[in-house]
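Please keep the sequence and the 3D view at hand while reading.

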Amino acid sequence: MNGIMFVVEATTGIIAQSTGLIADGLDMLTDASAYAIALAAIGRSANFKAKAATLSGSLLMLVGIGVLADVVRRAIVGSTPEGSWMIAVALVALLVNIIVLRLLSKQRRDEVHIRAAWIFTRADIVANSAVIASGVAVLLTSIGYFDLFVGAAIGLYVVKEALEILRDAKKARLESKLG
């Protein structure tokens, strides 16, 4: 689901000139990667799982920095996002993320790699909601800066979540060495 939503959101974001949708789409791509990494870590050692979480956090950090760079680029060159597309696609993405979060919520405290996947999805729900709100604001006012603001906020939030995952992974690596 996340891989499909990456294609849908990124493509629509490019067409609709929405940094928020592109950011959310890229975040979906990192989610799909995190889920694949988490699945690969099942049944592996605690050290492997910590490394998997580190990889997930690092990917998320790259996305956050990339989104912030796109916000700066669009602020300089300009863009005219389309609010109706932003709202429609972000609503579908929100539904997908609610389903995934519910699936992950039972196991989120079990192991670090599953917690990383849960954190990714939690961040997506916040991002989806922000894209919807900015889409409404753009639709009502025709002011594109709402999209840039949300894109920047998503980028900063993604960086914060990446740091949280990397901190958890570091702690898990230390515990695996001691235990």
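Two residues are said to be in contact when they have heavy atoms within 4.5 Å of each other. The model described here is a predicted one.

- T19 belongs to helix α2, which covers residues 19–41.
- Buried means under 20% relative accessible area, and T19 counts as buried because its relative accessibility is 1%.
- Apart from neighbours within four places in sequence, the residues in contact with T19 are D70, V71, R74, D147, L148 and G151.
- With R74, there is also a polar contact at 3.0 Å, made between the side chain of T19 and the side chain of R74.

- L95 lies in helix α4, which is formed by residues 83–105.
- Exposed means over 50% relative accessible area, and L95 counts as exposed because its relative accessibility is 53%.

**Regions annotated in UniProt**
- An unreviewed UniProt entry gives the feature "transmembrane region" at residues 52–72, 84–104 and 116–137.
- In the model, residues 84–104 are 100% helix and 0% strand, and the end C-alpha atoms of this span are 30 Å apart.
- Residues 116–137 are likewise 100% helix and 0% strand, with 32 Å between the end C-alpha atoms.

Notes:
Residues numbered from 1 in each chain as written. Predicted model: local features only at pLDDT ≥ 70, side-chain atom pairs only at ≥ 80, totals over all residues. Heavy atoms only, no water. Helix = DSSP H or I, 4+ residues; strand = E, 2+ residues; numbered from the N terminus. Buried < 20%, exposed > 50% of the residue type's maximum accessible area, 1.4 Å probe, protein only. UniProt positions renumbered as here; feature names shortened; annotations may be inferred. Polar contact = N/O pair within 3.5 Å; in protein donor to acceptor, adjacent residues only side chain to side chain.
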